[in-house]
Amino acid sequence: MHPQWIVPQWPVPANVQALITTRAGGFSRGPWGAADGSGGMNLGMGGDDVAVVQRNRELLSTDLPQEPCWLHQVHGSAVVDIAGAQYLPQADAAITTRAGLVCCVLVADCLPVLLTDARGRGVGVAHAGWRGLAGGVIQNAVAALRAAIGDSEARILAYLGPAIGPRHFVVGPEVLSAMRERLPTAQSAFVASAAGKYRADLFALARQALYQVQVEDVFGGGDCTVSEPLRFYSFRRDGVTGRQAALVWLQA
């Protein structure tokens, strides 16, 4: 495991394992490389050499019980149970109650939200950009995890990984409007900016979404992908860039 990768610090059972990669530690070059010119750990199949990305994915898998269940992410709100998933399911969140299966989302400014049952019976992860948040991807992931566990009142813990921070996430009024429809207190996560724009706080919006489904144990949050070019890929900052992964699984 590369020393710059993130091992989430959250009070989970011993059988719950999680990992968030950074841009360091792989084989990619150019805009997909590490900021210091060394190999980058790009895990996304967009623009970079496919063979190099596959090498990065194979390297990542050496730290996992098996290869992750990669998703075809569309900024939507669908959730897949990876125990029965076909290759590359179209979804923006994944859950499982089966040990050894690895839930994974790819991000480069959108917020990855790791989830687990406090008793270690299931895990999940959601890819939560503003469209996913407005569509209810976090709430759907929590509901799907509880359903898979078979406990509608299961205590769920969440960890917010790196994402674009509120200093850099400038959006139009349509984003505020969409969030208000989903989250009654969304306005508190927006600060007026110039020319009718707003600075939006994805971390605060995610906490509101989690609170809607009775998830109050929320950890992480605050690592900004845009403002840390040495650590993270950022689409908003660079345009052409790679993707880091957020992963969670149950240890057998």
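**Pockets and helix packing**

The lining of the largest pocket comprises 17 nonpolar, 11 polar and 7 charged residues (Ala, Val, Leu, Ile, Met, Phe, Trp, Tyr, Cys and Pro count as nonpolar, Asp, Glu, Lys and Arg as charged, and the others, Gly among them, as polar). The model is predicted: local features need pLDDT of at least 70, side-chain atom pairs count only at pLDDT 80 or more, and totals for chains, interfaces and linings use all residues. Residues are numbered from 1 along each chain as its sequence is written, and side-chain values use heavy atoms, with hydrogens and water left out.

**Pockets**

- The largest pocket holds about 840 Å³ of space.
- Of its 35 lining residues, Q73, H75, L106, H127 and R243 are the closest to the centre of the largest pocket.
- The second largest pocket has a volume of about 190 Å³.
- Among the residues that line the second largest pocket are W70, Y87 and E67.
- The lining of the second largest pocket has 9 nonpolar, 2 polar and 1 charged residues.

**Helix packing**

- Helix α3 (residues 137-149) and helix α5 (residues 202-212) pack at an angle of about 40°, and their axes are 8 Å apart.
- The two helices, α3 and α5, are therefore oblique to each other (angles under 35 degrees count as roughly parallel, over 145 as roughly antiparallel, 65 to 115 as roughly perpendicular and the rest as oblique).
- I138, Q139 and V142 in α3 meet A206, A209, L210 and Q212 in α5 (contact means heavy atoms within 4.5 Å).
- By class, this contact of α3 with α5 has 5 nonpolar, 2 polar and no charged residues.

Note on methods:
Axes fitted to C-alpha atoms, helices over the stretch in contact; angles between N-to-C directions. Helix = DSSP H or I, 4+ residues; strand = E, 2+ residues; numbered from the N terminus. 1 Å grid on protein atoms, 1.4 Å probe; cavity = no way out; pocket = protein on both sides within 12 Å on 5 of 7 lines; lining within 4 Å. Points joined across faces, edges and corners; volume = space filled by probe spheres on them.
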